[in-house]
Amino acid sequence: MKIKHSLLLRIFLSLLILSVMGVLIFFSGRSVLKTLYPLKYTEFVEVYAEENNLSEYFVYAVIKCESGFENDAVSSVGAKGLMQIMPDTFTWIKTKTGYTEDYSQATDPETSIKFGCFLYSYLLKKYGRVQEALAAYHAGIGNVQKWLRDERYSSDGKTLHTIPFPTTSKYVKKVMITENIYQKLYFRKEQ
């Protein structure tokens, strides 16, 4: 009887230790993930996401994928800032909104988030779907319009079943996966 009791006690203690270790691993893993998927520039993301009817998670995902939260990021094609706005696009947004910032301010976090949120909101309204809006942001409205008219890429003229640019296809998937990670990681309820 004493052997059975001792064995049960060891099993119980082993399970308890494993449970505590599992909880510690879960929370430390979560901490590592939060380092990899941060919530930076929250004061601007909250304001401009709400103003443009966007999910904050979506905005964080775009920033993470576009610039890795480096406000002074400049792409090989000349896009600048957290949300990687091209000079012509920046000027076009100014004509649509009345914003007065100059392109030299594109690396300013607030300016980049403000302009990027406006553009994504515009594209979401135009296309009605995240995939097409992201494709247009990455490859340009002209390319997406052309793809929607081509039966090889769209069967209904509204939805892309194939994105012919591999880098754009990868970008769209990456942003959507990253948004999902943000949603699961931070557990906040979006409006």
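Let's start with a pair. Glu132 and Arg129 join their side chains in a salt bridge, at 2.8 Å from N to O. Keep in mind that this is a predicted model. How exposed is each partner? Glu132 is buried, and its relative accessible area is 0%. Arg129 is partly exposed, at 34%.

How many salt bridges does a search of the whole structure find? Three.

Next, Lys114 and Glu101. Their side chains also form a salt bridge, again 2.8 Å from N to O. Where do these residues sit? Lys114 is in helix H5, residues 109-127. Glu101 is in the loop between helix H4, residues 87-97, and H5. The two parts are 13 residues apart in sequence, so this pair ties them together. Buried or exposed? Both Lys114 and Glu101 are buried.

Now Arg152 and Asp150. Their side chains meet in a salt bridge at 2.6 Å, N to O. Arg152 is exposed, with a relative accessible area of 58%. The cut-off for exposed is over 50%, so Arg152 qualifies.

On to a helix. Look at H7, residues 141-148. Which of its residues are buried? Asn143, Val144, Trp147 and Leu148. Look down the axis of H7: these buried residues fall within an arc of 135°, so they line one face of the helix. What does that buried set pack against? Three helices are listed here: H5, H6 (130-139) and H8 (166-186).

Key:
Residues are numbered from 1 along each chain as its sequence is written. This is a predicted model: local features need pLDDT of at least 70, side-chain atom pairs count only at pLDDT 80 or more; totals for chains, interfaces and linings use all residues. Side-chain values use heavy atoms; hydrogens and water are left out. A salt bridge is a side-chain nitrogen of Lys or Arg within 4 Å of a carboxyl oxygen of Asp or Glu. Helices (H or I, at least four residues) and strands (E, at least two) are DSSP runs, numbered from the N terminus. Buried means under 20% relative accessible area, exposed over 50%, partly exposed in between (1.4 Å probe, protein chains only). The arc is that of the directions from the helix axis to the C-beta atoms. Contact means heavy atoms within 4.5 Å.
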